Amino acid sequence: MIRNYLKIAIRQLQKQKMYSAIKIGGFALSIAACLLIGLYIKDELSYDKSYPDADRIYRLVEYYTHDGKVEKGDDYPAPISNALKADFPQIEMSARLMPNSLFPGAGSNELRRADQVENTHEEGFTYADEDLLNILKLPMVYGNRAQALVEPNTMVISKRKADKYFPGQNPVGKIMFLNNDQTKPYKIGGVMENFPKTSHFVDFDFLLTLNGVEFYKGEQTNWNASNYPDYILVKPGTNIDQLNKRITADINKNYFLPALQSISFKDAAKLLQQLSYKLQPISDVHLYAYDVQDEFKHGDIRFIWLFGAVALFILTIACINFINLSTAKSANRAKEVGLRKVVGSTRYGLINQFLSESLLYSVISFIVGILIAWALLPYFNVLASKTLIMPWQGFWFVPIILASALIVGLLAGIYPAFYLSSFRPASVLKGSVAAGSKNSMLRNGLVVFQFTASIILIICTIVIYNQMHYILSQNLGYDKDQVVMLQGTNTLGDNGVKSLKQQMLKLSSVKSVSIGDYLPVEGTKRNGNQMYNEGKSKVETGVDTQFWVVDEDYLKTFGMKLVEGVDFNPEGNNGGVIINQTMVKKLNLKNPVGKIITHGDDKLTVIGVVKDFNFESLRQPIGALCMIKGISPSIVSVKVSGGDMQSTIAQISSIWKGLSPSQPIRYTFFDEKFANMYADVHRMGSIFTSFAVLAIIIACLGLFALAAFMAEQRSKEIGIRKVLGASVQSITRLLSLDFIKLVAIAMVIASPIAWWAMNKWLEDFIYKIAISWWIFALAGILSIVIALLTVSFQSIKAAIANPIKALRGE
């Protein structure tokens with residue numbers, strides 16, 4: 001019986017080649033899209049789940065509630081790790097991390113073996129306690145995990161870096177220098193396996209021990225400075241909610257309160273009532289920490305839900321094509337159903353027959369769809385910034401594909417099967433069912449759904465691209481163009497960097513040069529501090545301020561504008577600072593030039609006020625900023641003229657080689673670094689565009705087939721109209737108008753849904769576009785034009801056909 005079902009199904013497939021191709025093509029494209037999105041989602045959901053004790057590893061997150069807003073962070077004072085281990089028996093181990101590039105050694109460095117002279121730029125340095133290796137149970141290639149970071153001035157390196165610097169060797173015990181600093185040699189204590197690509201630690205290749213480290217006097221016992229994320233391994237069976245409450249109560253009472261009282265902090269108890277602490281599972285760090293201020297790159301669980309919805313939309317559109325075409329062609333199968341019932345077929349047997357056809361279409365579509373996904377995977381990896389592979393050897397892959405093919409085939413085929421098998425033989429053989437195919441209420445509703453989903457994607461794509469363009473063209477308060485960033489310049493020493501600056505200033509193509517690591521772009525130094533009006537540190541809440549070290553040419557190089565006071569003097573300004581307009585407002589300063597502000601025990605005189613500029617992402621408001629003259633020599637920014645850039649770079653490279661022959665020059669362009677800050681927005685826009693186009697193609701395939709069918713069903717009506725004098729234009733309008741009405745209805749439904757979704761997405765941005773009416777108008781016009789182009793071919797073909805052929809049998 002099954003063989004008979006399959007034979008009939010194959011005959012039907014061969015008999016209706018165009019409709020079969022559209023059903024399979026739409027299904028295959030949607031399956032390819034769903035498979036790609038599924039691989040992406042699986043990869044995102046697998047982050048930080050590979051550690052043996054992943055279910056017991058947590059990160060401590062701070063929640064600060066102020067003015068109705070909740071701010072989250074993961075930085076804690078240096079002593080917190082020991083306090084957690086000592087005070088809470090539920091905690092088995094606690095370890096700190098310190099990836100903040102503000103502190104020498106963390107972030108990026110120029111690295112070399114002790115027996116070599118050439119430096120290599122490396123990123124991915126972080127300080128870590130020795131217990132971090134034990135908490136994560138990282139596999140070791142060389143060395144003892146428990147002892148690898150115990151000694152001062154030791155480091156653990158990843159396998160890929162061991163292979164790079166010590167190919168085929170055991171590097172344990174070897175010496176390396178950071179930034180040419182031979183006074184502080186680092187001994188390699190072990191080689192760890194590379195962090196998995198699905199780990200939020202994936203960028204770390206060098207772990208520097210925290211044993212024996214003190215970044216300033218008293219730093220390791222100071223409860224009033226927070227710089228360390230802390231990771232915790234809890235004992236099995238620990239009640240996390242209860243532990244969260246205990247940590248909040250005890251840490252605030254026993255440590256933070258005395259620390260604040262020791263500096264006579266006003267309303268310390270009131271402040272601590274706004275602070276709480278929660279343990280975040282390590283598997284949640286990647287997707288559920290997009291609103292936590294930390295040093296890591298994150299995904300976003302909201303995007304996962306969004307992409308999952310897009311995949312469901314696309315698959316639903318393809319299923320709708322199948323249902324529409326199956327029910328639209330019902331008249332063509334009506335006599336077959338009637339004759340089968342007359343000769344004894346049961347409705348159950350007919351349902352099985354039609355479901356077999358649906359399953360055949362589904363299986364073929366899945367095979368084609370998998371091949372399409374495999375072919376498109378390299379493009380998708382570039383689009384999504386991933387390294388996904390087809391899981392051909394995954395034990396779960398084949399069963400999931402077979403189960404999906406079965407489920408999709410049944411869901412798409414169940415309604416047509418019951419619908420077609422319900423025809424009554426007497427009615428069918430009298431010919432009355434032929435008109436039944438014109439009952440188009442359901443079919444029209446499904447077409448509306450298809451175009452609603454497509455229009456939502458079109459609107460979202462337009463909004464995302466407009467927001468991206470708005471960000472990149474926003475007046476930032478500084479000039480990001482024609483600035484070359486030389487990196488790793490700290491290896492020259494302070495005097496060497498100054499010499500580099502002076503030599504470059506002699507070049508005719510160089511306008512200005514500034515030495516400084518604090519730049520208004522991600523990946524450069526940050527230094528958050530509390531600052532106060534003079535004499536107010538014990539009676540007022542401090543202002544959260546970025547405290548930057550810059551040189552006298554910083555404002556000039558980046559085209560920043562002074563609104564009051566003077567710029568830094570090359571010869572003086574000791575203790576003088578320039579603050580931004582936001583800080584003036586937050587400190588409530590009137591006539592700020594000459595006023596004194598305090599930072600710890602330091603008194604700083606305001607000599608100038610700079611116009612506000614965006615020094616963080618445009619997702620954030622402009623914060624308070626205070627700049628002091630000094631030297632921070634890891635980056636040199638060079639403002640060049642817009643002439644021959646290649647020649648200018650060659651001249652700069654020649655100067656560099658003269659000063660540092662053992663270290664290759666490394667540079668980038670500031671505007672490229674700025675654009676990289678919004679790479680995630682650009683990726684999202686590209687992905688949306690791709691899937692929006694795919695959804696429209698699938699919807700149009702169904703629309704094309706429906707238009708062909710309707711033209712076929714109304715061929716006699718069209719013939720009569722032509723005989724009576726109807727023009728090709730009027731017939732084309734007649735056949736196209738019904739579909740245009742459906743697209744217009746879809747537009748009305750899609751607009752408020754898309755408006756709501758994009759407003760939610762734009763909430764993440766402080767600077768954002770308004771969703772204007774023209775966006776919806778453009779999406780509507782595009783949809784109608786696409787629909788017209790799709791159906792007009794069949795409409796014109798029917799309109800110009802010879803009416804004699806249609807009326808020959810009458």
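This briefing describes the confidence, strand pairing and nonpolar cores of one predicted model.

Local features are reported where pLDDT is at least 70 and side-chain atom pairs where it is 80 or more, whereas totals for chains, interfaces and linings use all residues. Residues are numbered from 1 along each chain as its sequence is written, and side-chain values use heavy atoms, with hydrogens and water left out.

**Confidence**

- The chain has a mean pLDDT (the predictor's confidence in each residue, from 0 to 100) of 85, and 90% of its residues reach 70 or more.
- Over residues 434-439 pLDDT stays under 50, and for this stretch the model has 10 contacts (heavy atoms within 4.5 Å) beyond four places in sequence.
- Where pLDDT is low, the predicted coordinates should not be read in detail.

**An open antiparallel sheet**

- Helices (H or I, at least four residues) and strands (E, at least two) are DSSP runs numbered from the N terminus, and two strands pair if DSSP finds at least two bridges between them.
- An open sheet is formed by 4 strands in the order 15-23-14-24, with antiparallel pairing.
- Its edge strands, each pairing on one side only, are strand 15 (510-515) and strand 24 (667-669).
- Neighbouring strands of this sheet are turned by 20° against each other on average, direction ignored, where axes are lines fitted to C-alpha atoms, for helices over the stretch in contact, and angles run from 0 to 180 degrees between N-to-C directions.
- Within the sheet, strand 14 (residues 483-487) and strand 23 (residues 635-640) are joined in the antiparallel sense by 5 bridges, and V483 has K639 of strand 23 as its bridge partner.
- Helix 14 (residues 493-505) packs on the sheet and touches strand 14, strand 15 and strand 23, its direction making about 170° with that of strand 15.

**Pairings of strand 8**

- Strand 8 (residues 175-178) runs antiparallel to strand 4 (residues 107-113), to which 3 bridges join it, and M176 in strand 8 stands opposite R113.
- Strand 8 also pairs in the antiparallel sense with strand 9 (residues 186-192), over 2 bridges, and there the bridge partner of M176 is Y186.

**Nonpolar cores**

- A nonpolar core is a set of buried (under 20% relative accessible area, 1.4 Å probe, protein chains only) Ala, Val, Leu, Ile, Met, Phe, Trp, Tyr and Cys residues joined through side-chain atoms within 4.5 Å.
- The largest core has 143 residues, of which F451, I459, Y554, M627 and F691 touch the most other members, and helix 19 (residues 679-713) gives the largest share of this core, 17 residues.
- Beyond its neighbours within four places in sequence, M627 has contacts that include W548, Y554, F568 and V610.
- A second, separate core of 26 residues includes Y58, Y64, Y76 and V234.

Methods. Buried means under 20% relative accessible area, exposed over 50%, partly exposed in between (1.4 Å probe, protein chains only).
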